[in-house]
Amino acid sequence: MAMTMGQIIKKLRKGRGFTQEELAERLGVTYQAISKWENDSGLPDISQIVPLATIFNVSTDFLFGIDHTSETEEALKIVSNANSIQEYGKLDTYLKAYDVLLDGLKKYPNNYIITYNCMNLGVSLSLPDNGWIYAEERAEAIIPETIRQANFIITNSKNISDILWARQNLAFLYSANRKFDLATTEARKFPVRTDLTLYSTMAIVNEYMGNHEREATYLCSDIDYLLQAFENDVARLGKAYYNNGNYTEAIEVYERFFAVMQAIFKDECPPPYHDFDSGDCYLLLAQAYLAIGEEKKAMEAVERSVIYYINFLSKETDDENCYPIVVCSPIVKKREFKQRIRKDIIKKKLQNKLSDKCIEKLNQNTCFVELLAMVNNIQE
């Protein structure tokens, strides 16, 4: 039986690793609209067809189910299979998924969907900053293949976001491979200003149209991404100060960042964007406090991060894997939505957080031992 347009959109979205919200933001529609399309209770406006095809790098005929390209359908199956293999915290499963994608590229060497997913996974596996997912023994072989894939995307994509993403990955990969001249060349191809985005530009268009509700939606989305970039820069800035021995400056950077986030979100402050990776500002703050002998303040920083999730998982919900998140700040978005979240994954992530080497000096701290016990006692 032929797939409906909604089924095709859903399959393509998952193949690209987008949430409904991420796809909605790229198109300038609500995530409810995406949900209606995928449930076949509505169809995209005709003006959305070409942007959809461009984002997914398929023909408009494929969206309509006219072009039954076996390669695209097979590519989506390969990506879906690779995604299903991955288990958080288990490097071998990610390497197995990577090999599945490589095998797919042997069969379909110029397939955009497989190449894009293989590049993303290759970057995760080949950069030392990525913690447990860094495949040290295979990184040397993965890097040149990932560079080739990034260049393929730059050459063949019609989507500016994909091109910039591939260029940024090249800068990271060249840096990891100590090819700093090539990394610098790629970095210089990016715009200097952070407001040269789809959302800020569409906000201007809607301002002239008099559609101020849509204008506000675009601006809120833009600020949301700006805050993610802000946090990323804060983490890197703090680490730069720390690595240069300026521990007090690092502490001030992190504390001021958290003060800004608290001012924006107030009591509904969500966890940081980078709460489980190398940009985890809570752990970086704790590390800086430990460097100046402030063990109590370091412990407080770790507690602030972990207690959020313990309280979050203790909320009553109709679905044990679905928890409501309310964001009330008019600076970002006014919305209530449910985020699917598996307790066992969160538990594993919290355990990994507490086992991070940068805070191992806290291992014998009474509060740390109690906090770890609380995490280990989370019922899955």
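Is glutamate 186 buried or exposed? Select it: glutamate 186 is buried, with a relative accessible area of 8%, where buried means under 20% relative accessible area, exposed over 50% and partly exposed in between (1.4 Å probe, protein chains only). This is a predicted model, in which local features need pLDDT of at least 70 and side-chain atom pairs count only at pLDDT 80 or more, while totals for chains, interfaces and linings use all residues. Residues are numbered from 1 along each chain as its sequence is written, and side-chain values use heavy atoms, with hydrogens and water left out.

Glutamate 186 belongs to helix 11 (residues 180-187); helices (H or I, at least four residues) and strands (E, at least two) are DSSP runs, numbered from the N terminus. Display its surroundings next. Apart from neighbours within four places in sequence, glutamate 186 is in contact (heavy atoms within 4.5 Å) with Arg167, Leu170, Ala171 and Tyr174.

Now move to the loop between helix 10 (160-176) and helix 11, where arginine 178 is found. Its phi is near 60°, a positive value in a residue other than glycine. At 63% relative accessibility, arginine 178 counts as exposed. Aspartate 40 has a positive phi of about 60°, and with 40% relative accessibility it is partly exposed. Most residues other than glycine have a negative phi.

Zoom out to the whole chain. Its secondary structure comes to 18 helices and two strands. The radius of gyration, taken over C-alpha atoms, is 22 Å, close to the 21 Å that the globule rule (2.2 Å times the number of residues to the power 0.38) gives for 380 residues, so the chain is as compact as a globular protein of that length. Along its principal axes the C-alpha trace spans about 65 × 50 × 45 Å. Of the 380 residues, 42% count as buried.

Next, select leucine 12. Beyond residues up to four places away in sequence, leucine 12 touches Phe56, Val58, Phe62, Leu63, Leu76 and Ile113. Leu12 is among the residues with the most contacts inside the largest nonpolar core, which has 41 residues; such a core is a set of buried Ala, Val, Leu, Ile, Met, Phe, Trp, Tyr and Cys residues joined through side-chain atoms within 4.5 Å. Elements giving two or more residues to this core include helix 1 (5-15), helix 6 (70-85) and helix 8 (112-126). Helix 7 gives the most, with seven residues. A second, separate core of 40 residues includes Phe258, Met299, Ile346 and Val375.

Turn to helix 14 (residues 247-265) and look down its axis. Its buried residues include Ala250, Tyr254, Phe258 and Phe265. Just after helix 14, lysine 266 takes a positive phi of about 55°.

Finish at helix 15 (residues 281-291). Ten of its eleven residues are buried, so helix 15 is largely enclosed by the rest of the structure. Cys281, Gln287 and Leu290 are among those buried. The buried residues of helix 15 pack against helix 13 (212-243), helix 14, helix 16 (295-313) and helix 17 (343-354).
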